[in-house]
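Work through the exercises below with the sequence and the coordinates at hand. Each task is followed by its solution in steps.

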Amino acid sequence: TSRKSISFNNDNSYRTTKVYVENTDEYIAEFSPLDTRKILKDIALRSNFTLCGYSFSLKGSQATLGKSNFYADLLAQ
């Protein structure tokens, strides 16, 4: 189901390791640390993703991540 993966508009998808709900409406999704760099690159370079049946826009995400030395270094690798 849509709760088992995050899907980007370039057809990349990554399976969650766990999804749970807090405070009745806050979805928390956890992913394998092995996918961290790939997920961050897709967040920076894609325009949207879906997770748990919801669609999210990523407009401005590359500029925002690029302002952080930590994330800029991860994206450059």
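**Exercise 1. Serine 13 and its surroundings**

Task: Decide whether serine 13 is buried, partly exposed or exposed, then place it in its strand and list its contacts.

Solution. The model is a predicted one.
- Step 1. The relative accessible area of serine 13 is 43%. Buried requires under 20% and exposed over 50%, so serine 13 is partly exposed.
- Step 2. Serine 13 belongs to strand E2.
- Step 3. With neighbours within four places in sequence left aside, serine 13 is in contact with Ser5, Ile6 and Ser7.
- Step 4. Arginine 46, 33 residues apart from serine 13 in sequence, is 12 Å apart in space. Between glycine 53 and serine 13, 40 residues apart along the chain, the separation is 14 Å.

**Exercise 2. Two serines of strand E1**

Task: Serine 5 and serine 7 lie in strand E1.

Solution. 
- Step 1. Serine 5 has 18% relative accessibility and therefore counts as buried.
- Step 2. Serine 7 has a relative accessible area of 27%, so it is partly exposed.
- Step 3. Not counting residues up to four places away in sequence, serine 5 touches Ser13, Tyr14, Arg15, Thr16, Thr50 and Leu51.
- Step 4. Leaving aside neighbours within four places in sequence, serine 7 is in contact with Asn12, Ser13, Asn48, Phe49 and Thr50.
- Step 5. Serine 7 and threonine 50 are 43 residues apart in sequence, yet their C-alpha atoms are 5.3 Å apart.

**Exercise 3. Aromatic rings**

Task: How many aromatic pairs does a search of the whole structure find, and why does the pair of phenylalanine 49 and phenylalanine 56 carry its label?

Solution. 
- Step 1. The search finds five aromatic pairs.
- Step 2. In the pair of phenylalanine 49 and phenylalanine 56, the ring centres are 4.8 Å apart and the planes stand at 20 degrees. Planes under 30 degrees apart count as stacked, so this pair is stacked.
- Step 3. Phenylalanine 49, at 12% relative accessibility, counts as buried, whereas phenylalanine 56, at 37%, counts as partly exposed.
- Step 4. Ring pairs join Phe8, Tyr14, Phe49 and Phe56 into a cluster.
- Step 5. A charge over a ring is a separate item: lysine 18 lies over the face of tyrosine 20, at 4.9 Å from the ring centre.

**Exercise 4. Packing of helix H1**

Task: At what angle do helix H1 and helix H3 pack, and which residues make the contact?

Solution. 
- Step 1. Helix H1 (residues 36–45) and helix H3 (residues 69–76) pack at about 100 degrees, with their axes 9 Å apart.
- Step 2. Angles of 65 to 115 degrees count as roughly perpendicular, so H1 and H3 are roughly perpendicular to each other.
- Step 3. H1 contributes Arg37, Leu40, Lys41 and Ala44 to the contact, and H3 contributes Tyr71, Leu74 and Leu75.
- Step 4. These contact residues divide into five nonpolar, no polar and two charged.
- Step 5. The buried residues in H1 include Ile39, Leu40, Asp42 and Ala44. The buried residues of H1 pack against E1, E2, strand E3 (26–31), helix H2 (61–66) and H3.

Notes:
Residues numbered from 1 in each chain as written. Predicted model: local features only at pLDDT ≥ 70, side-chain atom pairs only at ≥ 80, totals over all residues. Heavy atoms only, no water. Phe/Tyr/Trp six-rings, centres within 6.5 Å; stacked < 30°, edge-to-face > 60°. Buried < 20%, exposed > 50% of the residue type's maximum accessible area, 1.4 Å probe, protein only. Lys NZ or Arg CZ within 6 Å of the ring centre and 35° of its normal. Axes fitted to C-alpha atoms, helices over the stretch in contact; angles between N-to-C directions. Helix = DSSP H or I, 4+ residues; strand = E, 2+ residues; numbered from the N terminus. Parallel < 35°, antiparallel > 145°, perpendicular 65-115°, else oblique. Contact = heavy atoms within 4.5 Å. Nonpolar A, V, L, I, M, F, W, Y, C, P; charged D, E, K, R; others polar.
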